[in-house]
Structures are given as C-alpha cells and as structure tokens.
Amino acid sequence: MQLNTLDTSPSFSSLLLDESLLKAINKMGFLYPTPVQQQAIPPALEYKDLLVSAETGSGKTAAFLLPALQHLLTIPTKRYGTRVLVLAPTRELAKQIFLQCESLIEFTELKAGIITGGDDFRLQQNMLRRNTEIVIATPGRLLELMEQEAHDFTNLEVLILDEADRMLDMGFSEDVLTIINSCNTQKQTLLFSATLSHSGVIKMANKVLTNYETLTLNTLHDGHRNIEQQIVLADDGDHKQKLLAWLLLNESYDKALIFTNTRLNADALRGPLRGQKLRVGVLHGEMDQKDRNRMMELYRDGSVNIMIATDLAARGLDIKGINLVINFDVPRNGINYVHRIGRTGRIDELGLAITLVKHTEWNLMSGIERFLKQKFTRRSVKELQGSYKGPKKLKGSGKSVGSKAKVEPKKKVAEKIKVRHRDVKNVGKRRAPTNKTLTPEKAVIQESES
Ligand code: AMP
C-alpha cells in the first residue's frame, strides 16, 4: 500500500541532492521523499535551524541525514574534527542511524562512526581521534569520552538531536547541554522529536536553536491509519499467555513484536512460547550489548520471527516486515503505546496491533484511547473465551465506575512521610528504592542503557 509517498510527490532529484546521494537513495529503494523529507530537506539545505515533530517510521532519519551529508559534500573544509554530530537516546536507535548513514554515504568518501555504551571504549577513542566527519552517539558515553580525552566539537557544522523528547525523559538533558556547550556556536542545529507537546522539548529548542523554523509533520494524535488496533480482554496473566500463544499461532505475519512492561515478564514468556515451537527471542536492557546485537541480527535475518521486548530495548527498532505488535502488558502511558505500535505499519506497510487487557488494566487502556482520541476495535478469541467482559458500568471518560483508588488527604500523606524519614534515620540506613516507588518515567530511566 502506498501511504506516505504518492506518485505525485516531488522526486529526490528535485531536492537537488548530490549524484552520489541520489545513487545511494536509488540503491536503498526509496522512490519518493516522505512528507517529513519533503518538508525538512529544503530548509535544512539552506542551513536553517529546525524543530521537527516526526515519529520513527516517517523517514525522519534520512530527513536529517541527507541535508547534513549534502552540506559535507558541497562545502569542503580544511579544518579537522567532527563535522556532523547526531545524538540519539538509545544504542539501538544510534545503530540504526549509523547503518542508514553508511548506506547513504556508500558512494562518497565520507566516513561515519558510532559511539554508544556497551561497545569498546578504546576503539571509540581512536575513532574520535581520527577526526571522523560524522559521529552518531548516545549522550552518556560520548560525554565520558569527551571528559577523558578532552575532546570537543569546536569545528562542528551540523548538530542533530534525534528523539529529543525521549532523551529528556531518560534524563539526558544535562548531558546534552554539556555536549552542546562544547560545540561551535555557528553550527546548524536540527532538533527532531516525536511530539512537540512535551514542554521540555520547547524549552530545549529555545535554548539550543537560533531563529528556527518549526515543522509539525504529525502528532501523537494523528492516528496510525495503516495500523489496525485491537484489544482482547483477559482474565489474568495465565489467560494472557494462552491468548498470546493462540494469536502467534493463528495470525498471519512475517515478524511479530511482543511488548512487556518488565524484563521479568519478557524472560518469563520465552519458555512457554518456545514450548509451542515458536521461534522466539528476547531483548531487554539487562542483556549485554553483544547478546543484544546478536538477537537483533537473528530477528533482522528472520532466524527468529517473534521478539519479546521491553519498551526501551525496542525503542527505535527499525526492522522491515514487523506486521504484528502484541502488547502483553498494557503500556504505562499513551506515548509508550504510540512508540510500540509504531514498530509496525511503517512506510508502505500494513500492521496489526493487539493489546491484551485484564481488569486491573482497563482504566490505563481507556486512558490511552482518550489520549489518542481513538477507540480500539474490541475483539475476542472464540477458542479462549474468558469470564472478564469489561467493567459493568462505565463513566463518561470510559473508565470503570468505582475503580478510583481512594486519595489520602495531603496532610496524612505528609505525616506518613515524616514518620518514614524518622524510621530510616533511626535505623541509620537508607532503604533501597523498590520498583513500586518508581513513577513510570523513572522506571524507564532506571532501564536506561546508554
Ligand atoms: P525512519 O523513520 O527514519 O526510522 O525510517 C523508517 C524506514 O523507512 C526505514 O527503514 C527507512 O529506510 C525507510 N525510508 C526512509 N525514507 C524512505 C523513502 N523515501 N521511501 C521508502 N522508505 C523510506
């Protein structure tokens, strides 16, 4: 299905890109620029700062790489040092940007390098010393290297911040600003974010961009028209496991991606699914980089066609042929939901996203529907009917009646906290935080991998 690119779209050659880039684009099979590419490439070629809202799957990587590469090819320099720096929140996303960059520069003399946590520190030091023109990095490891090597980016010409909303959510704000402070102030900055409704993103844009243009390509509320979104009600975890196995055995798909909210659940699902002779892999933040890379390769080449992943591990995952996403756990918020289902139904593909919902997750799910201003299709599996049919009574908001947790008066909560502090002092030890005390956002940060 042709979705984002139409026969009437301008061609890549009308964007006046270098022949070597057009040759690479052709080899990569891109026929027409996607909307984000059509809108972002021309102003970026004029060396303007941009704030762009575009999601993974929209073609945003080429939208920022192509003008940056064109700049490198048309403006030769005698100065040394990195000329283009791309910052991304996770290793997987950095790797994908790097791979796309390698394909785009195939017919040029340009060199690109990648810097992420988990990979060899010394090799990365050497790469920085060699004055590689294009560096793609996660902020944590890059800063570590910069501190050890006294490396800076005084000759930088283009800075790209990809998935800035996620970088902020993961607590990288300070690191990113420290890196930016070591950069040439005359550079061009392109800031890409899945959403512009994140107040931190606008603050960051105002700090780091100059006379910038804003391009709003899509918002989280646009809906994913090429993704069929369904929910299936479940009685409990056991019932969910059976439903999951049934769906994986009966749906037709090339690759399926299963999301859980915790590493524990991800690991726990592998055995039962393998028991059904399904080709399953697991991807989460506690695995070392080598295992994660190997797992990604097996998934990419189809040796395993079902991947169970946590949110962060799957962030930015760009693998062709994922046409089924199943949320084993309802995601903790609407943004995570959008990122999860965005793994399917990518450019020119159709996708199916199914969320398994038990009674304790109903309100979370209806909150996500409200957030997206969408109602998911209710579906049941005849062979595995459960007893839970949804709340008996619904509020106007879609939440179940009578399910609101009692809110303690503020004064009482403050007193409780005081007592707890006193207890902790008396014992002379700090209590280790448990997952229970984490907000969803902090839980994500705890899973941070950079
Ligand atoms: P991205 O949003 O950058 O993660 O891109 C999503 C996928 O779309 C990647 O697999 C790209 O290789 C692919 N892609 C990017 N631009 C185009 C295009 N103009 N036509 C077809 N596919 C594209």
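Predicted model: local features only at pLDDT ≥ 70, side-chain atom pairs only at ≥ 80, totals over all residues.
## Helices side by side

Helix 2 covers residues 35-45 and helix 3 covers residues 60-74, and the two pack at an angle of about 25°. That angle is under the cut-off, so helix 2 and helix 3 are roughly parallel to each other. Their axes lie 9 Å apart, and helix 2 passes helix 3 in a right-handed crossing.

Which residues make the contact between them? From helix 2 come Val36, Gln37, Ala40, Ile41, Ala44 and Leu45, while helix 3 brings Lys60, Ala62, Ala63, Leu66, Pro67 and Gln70. Sorted by class, this contact of helix 2 with helix 3 has 9 nonpolar, 2 polar and 1 charged residues.

## Helix 3 meets helix 4

Now follow helix 3 to another partner, helix 4. Here the packing angle is about 50°, and the axes are 10 Å apart. Helix 3 and helix 4 are therefore oblique to each other. The crossing of helix 3 past helix 4 is right-handed.

On the helix 3 side, the contact is made by Lys60, Thr61, Ala62, Phe64, Leu65, Leu66 and Leu69. Helix 4 answers with Leu93, Ile97, Gln100, Cys101 and Leu104. By class, you will find 9 nonpolar, 2 polar and 1 charged residues in the contact of helix 3 with helix 4.

## Helix 1 joins helix 4

Helix 4 (residues 91-104) also packs with helix 1 (residues 19-28), at an angle of about 120° and with 8 Å between the axes. Leu21, Ala24, Ile25 and Met28 of helix 1 meet Gln100, Ser103 and Leu104 of helix 4. This contact of helix 1 with helix 4 has 5 nonpolar and 2 polar residues, but no charged ones.

## Around the ligand

How many residues surround the ligand? There are 18, and the closest are Gln37, Gly57, Gly59, Thr61 and Asp318.

Let's zoom in on some atoms. A backbone N or O atom of Gly59 lies 2.8 Å from an oxygen atom of the ligand. For Lys60, a backbone N or O atom is 3.3 Å from a ligand oxygen atom.

Terms used:
Residues numbered from 1 in each chain as written. Heavy atoms only, no water. Axes fitted to C-alpha atoms, helices over the stretch in contact; angles between N-to-C directions. Helix = DSSP H or I, 4+ residues; strand = E, 2+ residues; numbered from the N terminus. Parallel < 35°, antiparallel > 145°, perpendicular 65-115°, else oblique. Left-handed = near helix turned anticlockwise from the far one by under 90°. Contact = heavy atoms within 4.5 Å. Nonpolar A, V, L, I, M, F, W, Y, C, P; charged D, E, K, R; others polar. Near = heavy atom within 4 Å. Polar contact = N/O pair within 3.5 Å; in protein donor to acceptor, adjacent residues only side chain to side chain.
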